[in-house]
Amino acid sequence: GSSALQGTPESFLNFIASSHHHKNSSKTLVLESLKSQTINYMEQWKVTSPASKLTQPWSQLSGGEAQRVLLSIALSTQPKILLLDEPTSALDLPAKLALEQSLKDSAENGLIIVLVTHDEDQMNRLGTMFMSLDVV
């Protein structure tokens, strides 16, 4: 889990910015863009004091906060494919629905999402293709 991560969400963003900047863009600009997009997602998902959450050690974030921060960071990188395993397991229903709406919006804009869930309601809200692994 996120408690095993070292540093803070901001240091993680800094690492990502280091690997995402190109010759034509500075690391500082990439980092500011990632931070801004990350905070926007966190605000949509009702994370309290999103900017301050970025400077807190991972171990001080609750499970639900850490899930939302990690997913907001992932979405801020504008991936083409996102693999998610129980991304809302520590969230209450309003937080879960808000996050799901962002995932739907991203999928409508071309993001491919592979999501593992044990929540059949979530599967029906988000899924377009389903695979069930039954115990034999």
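**Salt bridges, a helix pair and a surface patch**

Colleague: What is the relative accessible area of Arg-125?
Modeller: Arg-125 has a relative accessible area of 28% and is therefore partly exposed; the class runs between under 20% for buried and over 50% for exposed. The model is a predicted one.

Colleague: With which residue does Arg-125 form a salt bridge?
Modeller: A salt bridge needs a Lys or Arg side-chain nitrogen within 4 Å of an Asp or Glu carboxyl oxygen. Here the partner is Glu-100, with the closest N and O atoms 2.5 Å apart. Glu-100 is in helix H5 and Arg-125 in helix H6, so the pair ties together parts 25 residues apart in sequence. Glu-100 is buried because its relative accessibility is 2%.

Colleague: How many salt bridges does a search of the whole structure find?
Modeller: The search finds four. One of them joins Glu-65 and Lys-53, at 3.1 Å between the closest N and O atoms. Glu-65 belongs to helix H4 and Lys-53 to helix H3, 12 residues apart. Glu-65 is buried at 15%, and Lys-53 is buried at 9%.

Colleague: How are two packed helices described?
Modeller: By the angle between their axes and the distance between the axes. For H1 (residues 9-20) and H4 (residues 63-76), the angle is about 20 degrees and the axes are 11 Å apart. H1 is therefore roughly parallel to H4, the cut-off being under 35 degrees. Their crossing is right-handed.

Colleague: Which residues form a nonpolar patch on the surface?
Modeller: Ile-81, Leu-83, Ile-112 and Val-114, with about 410 Å² of accessible area together. Strands S1 and S2 each give two or more residues to the patch. Leu-83, in strand S1, counts as exposed because its relative accessibility is 66%.

Notes: Residues are numbered from 1 along each chain as its sequence is written. This is a predicted model: local features need pLDDT of at least 70, side-chain atom pairs count only at pLDDT 80 or more; totals for chains, interfaces and linings use all residues. Side-chain values use heavy atoms; hydrogens and water are left out. Patches are made of residues with over 30% relative accessible area and no salt bridge: like charges are joined within 9 Å, nonpolar side chains (Val, Leu, Ile, Met, Phe, Trp, Tyr) within 5 Å. Accessible areas come from the Shrake-Rupley method with a 1.4 Å probe; for residues, only the protein chains shown count as cover. Helices (H or I, at least four residues) and strands (E, at least two) are DSSP runs, numbered from the N terminus. Buried means under 20% relative accessible area, exposed over 50%, partly exposed in between (1.4 Å probe, protein chains only). Axes are lines fitted to C-alpha atoms, for helices over the stretch in contact, and angles run from 0 to 180 degrees between N-to-C directions. Angles under 35 degrees count as roughly parallel, over 145 as roughly antiparallel, 65 to 115 as roughly perpendicular and the rest as oblique. A crossing is left-handed if the near helix is turned anticlockwise from the far one by less than a right angle, and right-handed if clockwise.
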